[in-house]
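Subject: Structure for your review

Dear colleague,

Please find below the structure that I am handing over to you.

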Amino acid sequence: MRSQGHTEPRSVPRSRSANGRRAHLASLDASLTVIAADVGFLRQFGGTAAEICGRSICDLLRLNASPALDEHFNRLLDGRSSRFTERVVGLCGPHAGFSAGLTGIAVHTEATSVACAVLLRPDDGSPLPHADGVPHQEREALLPLGARILEGVAGGASTEQLASRLYLSRQGVEYHVGQMLRQLEVPNRAALVARAHSKGMFAPGVWPPRILPGSVKQFRRRVPATASQGPFCP
C-alpha cells in the first residue's frame, strides 16, 4: 500500500558495509513503502527509481523465505527494537531471485516521512541484473536435465543413484555434471552446489532440494507449418 503524500521517486548515495561488502540502501515510510533508494538497490531488483519507489519492500522479497521478517518490521516500527538483521531472498524477475542479508534500522525523526532504513548486502556471487534488465541468473540457466541432476547432487545422491533415477548411464551423469562445473566455473560438486545456492538457484526452505523455474532454460516446441491440417506425430 502506498503512503499518503508520496514524493517523487529518487535515489540516494551508495553505501558500503563495515566488512567491505557492497551494501545497498533504501528508505521506507511507516507503511514499508520504498520512498528512496540508491542505484545499487534499484539495480539489484532490476528496476528504475520510478519502478521500485512506491512499492512495498514486502513485494520485493520472497516472504516465505523469512517468516519472521514481518514481525521484525513490526517491532521496528512500534519501537520495541532499533534494528534487526535477517536472511532474505530478493526478487529480480518473475522467477529469478538472489540471496542477501538485510538489516533494518529504525529512524526516529519527525522531519521526514522516513520511518526506517534497510541495508541490503547481496551474497558474493549473487546475481545482479544488468543495466538492460536481464539478470545474470537467466544468462546462466541450466538445462532441464542438468537441473534435475544438480537437485540430486545437492540432496546427496550418488552417480549410480542419479543414473538409475534418470535412466542415464554413469557416463551421462558425469557428462552433465562436467558441463555444469564449466558453466558455473567451479572445480567440484561441493563447490557446484555452493555456487548454485549463492546465485539463488535453489528454492529456499525446500527439501529435497529444488531448482527454481527461473534458473532452468525454457524451450518452446516448434509448431509445424502443417499443424492446422491435422495432428502432428513426431
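This is a predicted model: local features need pLDDT of at least 70, side-chain atom pairs count only at pLDDT 80 or more; totals for chains, interfaces and linings use all residues.

Nonpolar cores

The largest nonpolar core comprises 27 residues, and Phe41, Phe73 and Leu102 have the most contacts inside it. Several elements give two or more residues to this core: the strands are E3 (22-28), E4 (34-38), E5, E6 and E7 (116-122), and the helices are H1 (39-44), H2 (49-52) and H3 (69-77). Strand E6 contributes the most, with four residues.

Leaving aside residues up to four places away in sequence, Leu102 touches Leu61, Leu69, Phe73, Phe84, Thr85, Glu86, Val88, Val118, Leu119 and Leu120.

There is also a second, separate core, which has 23 residues, including Ile149, Leu150, Leu181 and Phe202.

The largest pocket

The largest pocket holds about 300 Å³ of space. Its lining is made up of 19 residues, and those nearest the centre of the pocket are Val89, His197, Phe202, Pro204 and Gly205.

By type, the lining residues comprise 12 nonpolar, four polar and three charged. Strands E5 (83-91) and E6 (97-106) each supply at least two residues of the lining. The largest share, three residues, comes from E5.

With kind regards

Note on methods: Residues are numbered from 1 along each chain as its sequence is written. Side-chain values use heavy atoms; hydrogens and water are left out. On a 1 Å grid over the protein atoms alone, a cavity is a set of points where a 1.4 Å probe fits but cannot get out, and a pocket is an open set with protein on both sides within 12 Å along at least five of seven lines; lining residues have an atom within 4 Å of a point. Grid points are joined across faces, edges and corners, and a volume is the space filled by probe spheres set on the points. Ala, Val, Leu, Ile, Met, Phe, Trp, Tyr, Cys and Pro count as nonpolar, Asp, Glu, Lys and Arg as charged, and the others, Gly among them, as polar. A nonpolar core is a set of buried Ala, Val, Leu, Ile, Met, Phe, Trp, Tyr and Cys residues joined through side-chain atoms within 4.5 Å. Buried means under 20% relative accessible area, exposed over 50%, partly exposed in between (1.4 Å probe, protein chains only). Contact means heavy atoms within 4.5 Å.
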